[in-house]
Amino acid sequence: MLQSVPGRGGIHGSILFMEKTQWDQTRPQRTKFTQSSSGFPRAKATVVFKAMMADDSPVYLSSLPKNPKRSSKLWKIAFGGWLKIVTGSLLTFYVVFCLDDGMVLINKETPPRFMYPQEWQHLTMFILLTLDGCVDVISKNVLRQRCAALERGSMALGIYVLLLLLVSHVQVSSKVELYVHSLLILVVFLLMLVLTAELWAAGSFRLQLIKNFLFLMMGSWLMHTGFILFRPVSGYPWKDEDIMFATTFFCWHIIIDALCLLGVYGLSSSWYHRYSPSLRLVGSKEALYHESSSGTFYRLLQDTE
């Protein structure tokens, strides 16, 4: 006689009950097979069956993590946040100790005047970078639940302040320095617009792609700006009539960075499609929770541990 599983009605519930009965009847054979096989632990089999009985999302056996605790800890480390903290701290110390008389804000002359305006702006930029890294680490490793909105808001706020500092950074600059900084301001302004839009459309792949490209452009052109202004390849400072070459180099940066980004995404896509069966659950509990529609499989996996 067929019986229905509680919470399930009709033929579907009867079929589930019959499957459960067959599972219980073959328990001795399954126990013997589990003890003799090292590639399919009993805990995984139990989790898979319970998830199927709960009508949860499909589970792929090959994607279950071999050591979920270790992979989960590595998955949760805020590598980007720590990199921002270390980089911002090193640059901050460099700005503070690179001057002979230290970071003096106001001199002792009469009337007093502000000292080292560009160095103070650089110091503000590096402190913001360090604080942004601290927000990433707190959100991902300290809070009980990660707050992605806080991370995006902190990054957008840092770009807002960076744009304001760059606009005033070039007021007392030469023509070449003014032009190369203007190109940098253009990239930062576009990045500010993208980050602002991402606050309301965080899941947009197009916005993430544009954001990554603009970050790559900002970093590569910033390094090139340093060589143009302080370490020219020719050994001689740039002249005002060389500004056209700055535009040419900027366009080269656009092409090269676009090709680099295309190569990274292409390799990642091909690698993912090649090993996609083993990446269904990404080997972490966080991914297991998101792959499951109701989170049932994630809770069952915790019970088996």
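How does the lining of the second largest pocket divide by class: nonpolar, polar and charged? Hold that one for a moment. First, a caution: this is a predicted model.

Let me start with the largest pocket. About 1,400 Å³ of space lies in it. Its lining counts 35 residues. Nearest its centre are L91, H122, M125, F126 and L222. By class, that lining holds 21 nonpolar, 10 polar and 4 charged residues. Which helices supply it? Each of these gives at least two lining residues: α5 (79–98), α6 (117–142), α7 (148–169), α8 (175–198) and α9 (205–229).

Now the second largest pocket. Its space is about 620 Å³. It is lined by 20 residues. Closest to its centre are R146, E151, M155, E198 and K211. Two or more lining residues come from each of α5, α6, α7, α8 and α9. And here is the answer to my opening question: 8 nonpolar, 4 polar and 8 charged residues.

Next, helix α6. It has 26 residues. From first C-alpha to last it reaches 36 Å, close to the 38 Å expected at 1.5 Å a residue. Which of its residues are buried? They are Q121, L123, M125, F126, T130, D132, G133, D136, V137 and S139. What covers them includes α5 and α7. Look at M125 and F126 again. Both are on that buried list, and both are among the residues nearest the centre of the largest pocket. One general point on helices: with 3.6 residues a turn, residues three or four places apart point the same way.

Y116 is not a glycine, yet its phi is positive, at about 50°.

Last stop: S139, in helix α6. Why does S139 count as buried? Because its relative accessibility is 0%, and buried means under 20%. What does its side chain pair with? A polar contact of 2.8 Å joins it to the side chain of E151. Beyond its neighbours within four places in sequence, S139 is in contact with Q145, R146, C147, A148 and E151. R146 and E151 are among the residues closest to the centre of the second largest pocket. So, to recap S139: buried at 0%, with a 2.8 Å polar contact to E151.

That's my tour. Over to you.

Definitions and conventions: Residues are numbered from 1 along each chain as its sequence is written. This is a predicted model: local features need pLDDT of at least 70, side-chain atom pairs count only at pLDDT 80 or more; totals for chains, interfaces and linings use all residues. Side-chain values use heavy atoms; hydrogens and water are left out. On a 1 Å grid over the protein atoms alone, a cavity is a set of points where a 1.4 Å probe fits but cannot get out, and a pocket is an open set with protein on both sides within 12 Å along at least five of seven lines; lining residues have an atom within 4 Å of a point. Grid points are joined across faces, edges and corners, and a volume is the space filled by probe spheres set on the points. Helices (H or I, at least four residues) and strands (E, at least two) are DSSP runs, numbered from the N terminus. Ala, Val, Leu, Ile, Met, Phe, Trp, Tyr, Cys and Pro count as nonpolar, Asp, Glu, Lys and Arg as charged, and the others, Gly among them, as polar. Buried means under 20% relative accessible area, exposed over 50%, partly exposed in between (1.4 Å probe, protein chains only). A polar contact is a pair of N or O atoms within 3.5 Å; within protein, one must be able to donate a hydrogen and the other to accept it, and residues adjacent in sequence count only if both atoms are side-chain atoms. Contact means heavy atoms within 4.5 Å. The expected span of a helix is 1.5 Å times one less than its number of residues.
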